[in-house]
Amino acid sequence: MMNLLKEAMAKGRATLSEYESKRFLSCFDIPVCREGLAENPDSAAAEARKIGYPVVLKACGADLAHKTEVGGIALNLKNIRDVRKEGLRLMKIRGCEALLVQEMVKGARELVCGLTRDPQLGPCVMFGLGGVFTEVLDDVAFRIAPLTLGDALEMIGEIRARKILDPFRGEAAIDQEILGHVLVSLGRIGLEYENVAAIDINPLKVRPDGKPVAVDALVVLRKE
Amino acid sequence: MMKKEFGPFFEPKNVAVIGASATPGRPGNDVIRNILANEYRGAIYLVNPKGGEILGLPVLPSIANLPDGVELAIIILSAKDTPQALRACAEKGIRHAVLSAGGFAEVDQGVKIQEELVEIVREKKLRVIGPNTSGHTSTPHQFTSTFFPLGKIRRGTVSYIAQTGNFATHTMKYILTGEHFGVSRVIGLGNKIDMDESDALEYLADDPETSAIVMYLESIKRPRKFLEIAREVTRRKPVVMLKSGSTEAGRHAAVAHTAAMAAEDRLIDAMLRQAGVVRIWDYTHLILAGKALSMLPLPKGNRVSFLAPSGAMLVVLSDLCVRLGLDVPEIEPATVRRLHDISPPFIRMRNPVDIWASASVRGVEFGYREGMEAVLKDPNIDAVVPILMLTEDTGIPSYDFILDLKKRYPDKPLIVTFSADKKYMDECKNYLEPLGVPTFPEIEQPFEVLSILYKCAKAMNRPEQK
């Protein structure tokens, strides 16, 4: 796993790609969605069949930190034809190196988790309401790493929209234990991997059974 | 071992005042008056090149003339003369110094002088409070280095750490003249070239004379160290903090959302929560919290009962409790029955308690005494606030019944506020507070205080986790 960071650093890259970011995070027991990398629309279609429709198709590249802004995400693709068509479009986006095929995670709730570094406080972990309105809603809580599970559970309960943790529109209550471990792990990464400058997991979606899963992730590397 | 190093600040066997002044009104004169007014029992050495005598004490012409074995120096000179004096004290074997002078980091030349002081402290391995401090106080040792004329400082059990000269001066003056509680240690940190809030907290953590710690800070020098220390202390002693600068935007432009949203105060706030430090937001609460922590037990929970002589107060204060995170729960049927017993039949009794009818028909003392006892007894109630009706028209009770209730229900905070003639509010305060029952002139304050105390209790009882 260190190789992933080291190679990216050696190439002078500022971030890990989404796919690499999730591979990195999954080493710390952070649940990530099912996904596969494809080089072209045809192999993307093959991946999609393995994962099962509907799927999400994303433009993937080391410099594509914010995909939404460039139209780099195609949601809810239901068949091979749509995958091919969207795949062709995404490949034309500047910086797109490959196609990322993902399961379309169900569930209405979107959370955000992350790691940042403060010059004085060191690694700090964030939790809050996620999705495209993260910064607008500004409903987040922080803790200083290392976190105990108690710290994590406390910060989860600290957001204004804490009711989102309860059963919601036919979906189960959020599994706070799993969520807490995600936050503890982010703190651990902050303490153990100096080369990681920041992490965003946004959104961390909640499946209808209440289990959180990272649907998009970004690992920002330290500037040399 | 680190903690012991600060001992001579708080329990000095003797003290030297460098820059002692014969002129009344000068800091170098007031500091001596304060030391004398507090009946400090150690030897006092005064230093001033003019020699002679000040306030009946002999004056030595130079630091070199001091005897060996001086533990603490209060250096009360201008900024530019301070480094030389500190060096001379170090050469005389004095290892602890309070640097009172201001004008250091704030002005251009001062920065250089402050750097020089840092160098001396490091080189001579000194322990220093300040510079730019209004001094410190240690009532258990009857000692102070404060140069603001305070007179005798009342002894208490709460200690203050303040990064403002105002606290040890004007605010302390108010506490001494307007309140009845006292203080244990008070530390004005000043520019923190050596002793900082983490050191001070670590010292007070193990200080048997300190039962609770109240802090005012503008910055935290070593926040991770502070977290490490505070996290442990707050399980044993309440720590309350007013941290200013909370509205600073201070956001960073960054590629990651998490970094962009990590405003400085947000992280400090997170750190304080993690540490179990109870954050307050009002300067006034520095005083209210100190008073409450001096006189009251911590509540077991957040369930409040209050007795008011007005429907408006019952409603407004119930709303306030919700805002403050306090619960105004239902009470036991037996309690309700007792409240009905003491009231005229036309009124429906519950929590909060409408005491007007009972007090006006059966007497203020009877109504409040029986009403308060009923809710104090109730297992659903953790704290009781009477809003005392005190007017000549309705009759002024003896306040002893409140002391009696406090004695019989010592585990439940009992806080008095008023709907009253100011004359009797003052009378009641002056009678009850020296005997350990706090009163507050504004009806919201007891609830603000209870919310702080409840948070302290929660922090102290939070589960231990690896």
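## A walk through chains A and B

Glu103(A) and Arg207(A) form a salt bridge, with their closest N and O atoms 3.0 Å apart. Keep in mind from the start that this is a predicted model. The pair links distant parts of the chain: Glu103(A) sits in strand E4, residues 98–103 of chain A, while Arg207(A) is in the loop between E8 and strand E9 (212–214). Are they buried or exposed? Glu103(A) has a relative accessibility of 14%, so it counts as buried. Arg207(A) has a relative accessible area of 25%, which means it is partly exposed.

Let's step back and look at chain A as a whole. The chain has seven helices and ten strands. Its C-alpha trace spans about 50 × 50 × 30 Å along the principal axes. Why can we think of chain A as a compact globule? With 224 residues, a compact globule would have a radius of gyration near 17 Å, and chain A agrees because its own value is 17 Å. Buried residues make up 54% of those 224 residues. Then there are the contacts in chain A with a separation of 6 or more: 62% of them come from residues 24 or more positions apart.

You'll find Ser21(A) in helix H2, which covers residues 18–26 of chain A. Its relative accessible area is 0%, so Ser21(A) is buried. The side chain of Ser21(A) reaches the backbone oxygen of Leu16(A) at 3.4 Å. If you leave aside neighbours within four places in sequence, Ser21(A) is in contact with Leu16(A), and also with Ala217(A), Leu218(A) and Val219(A).

Now for the meeting of the two chains. How many residues does each chain bring to the contact? Chain A gives 35 residues and chain B gives 24 residues. Between them the chains bury about 2500 Å², with 57% of that on carbon and sulfur atoms. On the chain A side, Leu121(A), Glu135(A) and Phe142(A) lose the most area to chain B, and together they make up 23% of what that side buries.

If you'd like one salt bridge to look at, take Arg266(B) and Asp138(A), whose side chains meet at 2.9 Å, N to O. Several elements of chain A each supply at least two residues to the side that touches chain B, among them helix H5 (134–137), helix H6 (149–156) and strand E8 (196–206). Which element gives the most? E5(A) does, with five residues. Sorted by kind, the residues on this side of chain A divide into 18 nonpolar, nine polar and eight charged.

Salt bridges also turn up well beyond that one pair. Over all chains, the structure holds 52 salt bridges. Some of them join into a network that links Arg143(A), Glu154(A) and Glu158(A) with Asp265(B), Asp269(B), Arg273(B) and Arg279(B).

Chain B has salt bridges of its own to visit. The side chains of Arg185(B) and Asp207(B) meet at 2.7 Å, N to O. Arg185(B) lies in strand E11 (residues 183–188) and Asp207(B) in the loop between helix H6 (197–205) and strand E12 (212–217), so the pair ties together parts that are 22 residues apart in sequence. Arg185(B) is buried, with a relative accessible area of 1%, and Asp207(B) counts as buried too, at 3%.

Further along chain B, Glu392(B) forms a salt bridge with Lys423(B), and here the closest N and O atoms are 3.3 Å apart. Glu392(B) is in the loop between strand E17 (383–390) and helix H15 (400–408), and Lys423(B) is in helix H16 (residues 422–432), so this pair ties together parts that are 31 residues apart. At 51% relative accessibility, Glu392(B) counts as exposed.

Our last stop is Thr169(B), in helix H5 (residues 165–178) of chain B. Thr169(B) has 7% relative accessibility, so it counts as buried. Its side chain makes a polar contact with the side chain of His170(B) at 3.3 Å. Not counting residues up to four places away in sequence, Thr169(B) touches Ser134(B), Phe148(B) and Leu150(B).

Note on methods
Residues are numbered from 1 along each chain as its sequence is written. Chains are lettered from A and ligands numbered from 1 in the order in which they are written. This is a predicted model: local features need pLDDT of at least 70, side-chain atom pairs count only at pLDDT 80 or more; totals for chains, interfaces and linings use all residues. Side-chain values use heavy atoms; hydrogens and water are left out. Contact means heavy atoms within 4.5 Å. Buried area is the accessible area (1.4 Å probe) that two parts lose on being put together, summed over both. A salt bridge is a side-chain nitrogen of Lys or Arg within 4 Å of a carboxyl oxygen of Asp or Glu. Helices (H or I, at least four residues) and strands (E, at least two) are DSSP runs, numbered from the N terminus. Ala, Val, Leu, Ile, Met, Phe, Trp, Tyr, Cys and Pro count as nonpolar, Asp, Glu, Lys and Arg as charged, and the others, Gly among them, as polar. The radius of gyration is taken over C-alpha atoms; the globule rule is 2.2 Å times the number of residues to the power 0.38. Buried means under 20% relative accessible area, exposed over 50%, partly exposed in between (1.4 Å probe, protein chains only). A polar contact is a pair of N or O atoms within 3.5 Å; within protein, one must be able to donate a hydrogen and the other to accept it, and residues adjacent in sequence count only if both atoms are side-chain atoms.
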